[in-house]
Amino acid sequence: MFTLSSSLHLLSSRRRTVSFRQSVLRPLAVLGILLFALGTSVAAQAQTTDVQTAWRLLDYMAVDYGGAVSGGRVKSASEYAEMTEFAASVSTRLAALPSTPARGQLIAGATRLQAVIAAKGAREDVARIAHGLAADLLKAYPVSLAPGKAPDLARGATLFAQNCASCHGMTGDGHGPDAAKLKTLPIAFSDITRARQRSPFALYQVIDQGIDGTAMQSFATLPSADRWALAFYAGRFAFPDALASQGERLWKSDPGLRQMIPDLTTLAGLTPEVLAMSIGTAKADAVIAYLRRHPDVVIQQAPGSLTVARDKLAQSLAAYRGGDRHAAQELALSAYLDGFEPLEPMLTARDATLMGHIESAMGEFRASLQQGRPADEIATRIQVLDGLFDDADAALSPDAASTASTFLGAFTILLREGLEALLIVVAMIAFLRKAERPEVLPYVHGGWIGALAAGGLTWGIATYAIGISGASRELTEGFGSLFAAVVLLSVGIWMHGKAQADQWQRYIREKMSRALSRQSAWFLFGLAFIVVYREVFETILFYAALWTQGNGGTMLAGAGSAVLLLGLIAWAMLRYSRDLPIAKFFAYSAWLMAILTIVLAGKGVSALQEAGIIDIAPLGGGIRVSMLGIFPTLQSMGAQLLMLIAVLCGFLLNRRRAAVAVG
C-alpha cells in the first residue's frame with residue numbers, strides 16, 4: 001500500500017500529508033471517476049449503436065431479400081452478396097453485445113438466418129426469421145422505439161424538401177432531379193408493396209444511421225424530434241389522402257382499433273402488413289394512412305397521459321380566468337380521470353409516495369376551484385403539479401423499470417389488496433365452522449370464487465375490448481367500499497353483542513338455524529363477492545399496467561409469491577381460530593370488522609371524491625395512509641369518524657344490554 005511517510009521521511013508533518021492528498025490524490029480520484037463515467041458512456045453508446053444497426057440490417061433483409069433471390073435462384077448477384085454480408089454483420093454485432101441470458105438465443109437465430117440465406121431460402125422464411133429476431137433483439141436490449149411527443153408533420157415536410165426531395169422526389173417516387181446520377185437508385189417511398197413492410201421506426205433507423213455503400217447519408221446530427229418527423233412524413237407517401245379519410249372513419253368508429261394501437265410506441269413500430277393480419281389489408285392501409293398523417297390522435301386517446309393532464313389543467317385555468325367556474329371544475333376533473341388516474345397503478349408500483357403527492361395536489365387543486373380561490377393561487381398550484389408530473393415522467397419512463405421493481409410491485413400490490421378481502425372471508429369461514437354450519441360454506445366459497453372469475457372477465461374487457469374509464473374505476477371502488485363498510489358495521493356490532501352472552505353452545509344449537517336461513521346464506525355470498533371483487537378490480541388495474549411494460553414472467557412470479565403468503569396467512573388464521581374459545585373469537589372478529597369498516601369508509605369516500613361525486617375539503621398538514629383508508633380531506637376523515645362513533649356506540653349498547661341481562 002502506498003504511504004507518503006515510507007518514501008518521504010523528511011516530509012512527515014500532517015499539513016504536508018493533507019496537502020499532498022488534496023493536491024494529488026483527490027484530482028486523481030476525480031480523474032478516475034470521470035474516466036470511468038466516460039468509458040461507461042462510450043460502452044453504452046456502442047451497445048446502443050450495435051443494437052440499432054443490427055435491427056436496421058434485419059429489417060432491411062426482411063424487406064429486400066425478395067429482390068435478391070426468387071424460387072431458390074439468385075435474381076441479383078450484387079443484392080445477394082449484400083444480403084450475405086448483412087447477415088454476417090448481424091451475427092458479429094450480436095456477439096459483441098454484453099452477455100445476457102437472451103444473447104445465446106439471438107446468436108443462434110442469426111446463425112439460422114445465415115443458413116437460410118446461404119441455401120437461397122424463400123423470401124417468407126427470411127422475412128419471418130429476420131422480423132422475429134429483430135423483435136427479440138429489442139426485448140433483450142431495449143432502445144428508444146418512439147418519439148417523446150407526436151411528430152410535427154409540417155416540420156417533416158420542410159426537412160424532406162431540404163434534404164430528401166432531390167433524390168427521392170417531392171412525391172417520394174424515387175425520381176428526384178439527382179436520382180439518375182446515383183449508382184444505387186433511391187428508394188421509392190410511394191411503392192405500396194415495400195411501404196406495407198416498413199414501420200416509422202425502421203425509417204427512423206435509416207435516417208439516423210444512413211445506408212452503407214449508398215448515397216443515403218446519416219442525419220444523426222438532426223434532433224431526434226426532426227428525425228421522427230421525417231420518418232412519419234416519408235411513411236405516408238404510399239397511402240393517398242383519400243385512403244386517409246377512410247381510415248379516419250374507421251379509427252373513430254371502431255374502439256377495437258384504438259385498443260390495438262394504444263400509444264405512439266405501438267404506432268412507431270407497426271407495419272401495415274402486421275396490422276393487416278388482424279383487420280385485412282384494405283382496412284390496415286386506410287388506418288395507417290390516417291395515423292401517419294395524424295399521430296397526435298393516438299396520444300389523445302391513449303388511456304392515461306400526463307400530456308392530457310397538463311393540457312386539461314391549462315384549459316381549466318383559462319376557463320377559471322374567464323369566469324366559467326363550472327367548466328374549470330369539469331376540466332380539472334377530466335385532467336385527473338382521463339389524464340392521471342389511469343397511470344396511477346403503474347406509478348404506484350414505481351413510486352407510491354410520488355403518486356400520493358400528485359393525487360393530493362390534484363384534489364387540492366379541485367378544492368381551490370370549488371372555493372373560488374384567486375386565479376394566481378390556482379396558477380401556482382398548476383406549477384406545483386407540473387413539477388410533480390416531471391417527476392412522474394421520469395418514474396414512468398422505460399429506463400426506470402427493472403426486474404426487481406416489477407417483482408416487488410406485483411408482490412406488494414396483490415398482498416396489500418388481497419389482505420383486506422382475505423381477513424373478511426376467512427372470518428366468515430371461521431364463524432361458520434364455529435357455528436357448526438358447514439352447509440353454508442359453499443355460499444361463501446362461491447362468492448369469492450365468483451369474484452375472481454368476474455375479475456378475470458374484467459381484465460379481458462379492460463385489456464382487449466372497451467377499456468374502463470377512470471370514472472368507472474373510482475365509482476366501482478367507491479360504492480363497493482361503502483357498501484362493504486355498512487355491512488361490516490352491522491356484522492361487527494352483531495358479533496360483539498354475541499361475545500357478551502353466556503352458554504354459547506346452547507345459543508348456536510337453538511338460534512343459528514334461524515339466524516342462517518337460505519336468505520342469510522345468499523347474503524353471505526353477496527358479501528364475499530363484493531369484498532373480494534372490490535380488491536380484485538383494484539388489483540387487475542395495477543397488473544394490466546404492469547403487463548404492458550413487459551417482464552410478464554417476473555410479474556407472475558411476484559403475484560405467485562403474494563398468493564403463497566396470503567395462503568399461509570389464511571391457514572394460520574383458520575388454524576388459530578379453531579382452538580380459540582368462541583367468546584374470544586367473536587370479540588376479536590368484531591374488532592376486526594370494526595377496523596375494516598373504518599378503513600373501507602375512508603377509501604370509499606376518497607374514491608367518490610376522485611370521481612367528482614363528493615366535494616373535497618383538504619386538511620392542511622393531514623397525514624395520508626392509503627392502506628388504512630386515511631386521506632387528508634374533511635369528508636374522508638369525517639366518514640371514518642362517523643364509523644368510529646357508530647362502532648363505539650354499538651359496542652357500548654351491547655355491553656349495557658349484557659349487563660342488564662346478567663342483572
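**Entry 1: Asp 285**

I looked up Asp 285 in this predicted model and found it in helix H14, which covers residues 281–293. Is Asp 285 buried or exposed? Its relative accessibility is 6%, and the cut-off for buried is under 20%, so I noted Asp 285 as buried.

Next I asked which side chain makes a polar contact with that of Asp 285. The partner is Arg 196, at 2.7 Å. I then listed the contacts of Asp 285, leaving aside its neighbours within four places in sequence. Besides Arg 196, the list holds Ile 192, Phe 239, Leu 243 and Pro 272.

**Entry 2: aromatic pairs**

I looked up the aromatic pairs and found 10 in the structure. One of them is Phe 160 with Phe 237, with ring centres 5.1 Å apart. The planes of these two rings stand at 50°, so I wrote the pair down as tilted. Where do the two residues sit in the chain? Phe 160 is in helix H5 (residues 153–163), while Phe 237 is in the loop between helix H9 (224–234) and helix H10 (241–253). They are 77 residues apart, so I noted that this pair links distant parts of the chain.

Phe 160 has 2% and counts as buried. Phe 237 has 15% and also counts as buried.

Phe 237 has another ring partner, Phe 189, with the centres 6.5 Å apart. Here the planes are at 20°, so this pair is stacked. Phe 189 is in the loop between helix H6 (165–168) and helix H7 (192–195), 48 residues from Phe 237. I recorded Phe 189 as buried too.

Which residues do ring pairs link into a cluster here? I noted Phe 160, Phe 189, Tyr 233 and Phe 237.

**Entry 3: arginines over rings**

I looked at the face of Phe 237 and found Arg 236 over it, 5.4 Å from the ring centre. Elsewhere in my notes, Arg 366 lies over the face of Tyr 336, at 5.3 Å from the ring centre.

**Entry 4: nonpolar cores**

How many residues does the largest nonpolar core have? I found 76. Those with the most contacts inside this core are Met 61, Ile 117, Leu 137, Trp 251, Val 287 and Leu 291.

I followed up Leu 291, again leaving aside neighbours within four places in sequence. Leu 291 is in contact with Trp 251, Ile 261, Leu 267, Val 297 and Val 298. I also found a second, separate core of 34 residues, including Phe 411, Ala 421, Ala 528 and Leu 574.

As background, I wrote down that nonpolar side chains tend to be buried together in soluble globular proteins.

Key
Residues are numbered from 1 along each chain as its sequence is written. This is a predicted model: local features need pLDDT of at least 70, side-chain atom pairs count only at pLDDT 80 or more; totals for chains, interfaces and linings use all residues. Side-chain values use heavy atoms; hydrogens and water are left out. Rings of Phe, Tyr and Trp (its six-membered ring) pair if their centres lie within 6.5 Å; planes under 30 degrees apart count as stacked, over 60 as edge-to-face and the rest as tilted. Helices (H or I, at least four residues) and strands (E, at least two) are DSSP runs, numbered from the N terminus. Buried means under 20% relative accessible area, exposed over 50%, partly exposed in between (1.4 Å probe, protein chains only). A charge sits over a ring if NZ of Lys or CZ of Arg is within 6 Å of the ring centre and within 35 degrees of the ring normal. A nonpolar core is a set of buried Ala, Val, Leu, Ile, Met, Phe, Trp, Tyr and Cys residues joined through side-chain atoms within 4.5 Å. Contact means heavy atoms within 4.5 Å. A polar contact is a pair of N or O atoms within 3.5 Å; within protein, one must be able to donate a hydrogen and the other to accept it, and residues adjacent in sequence count only if both atoms are side-chain atoms.
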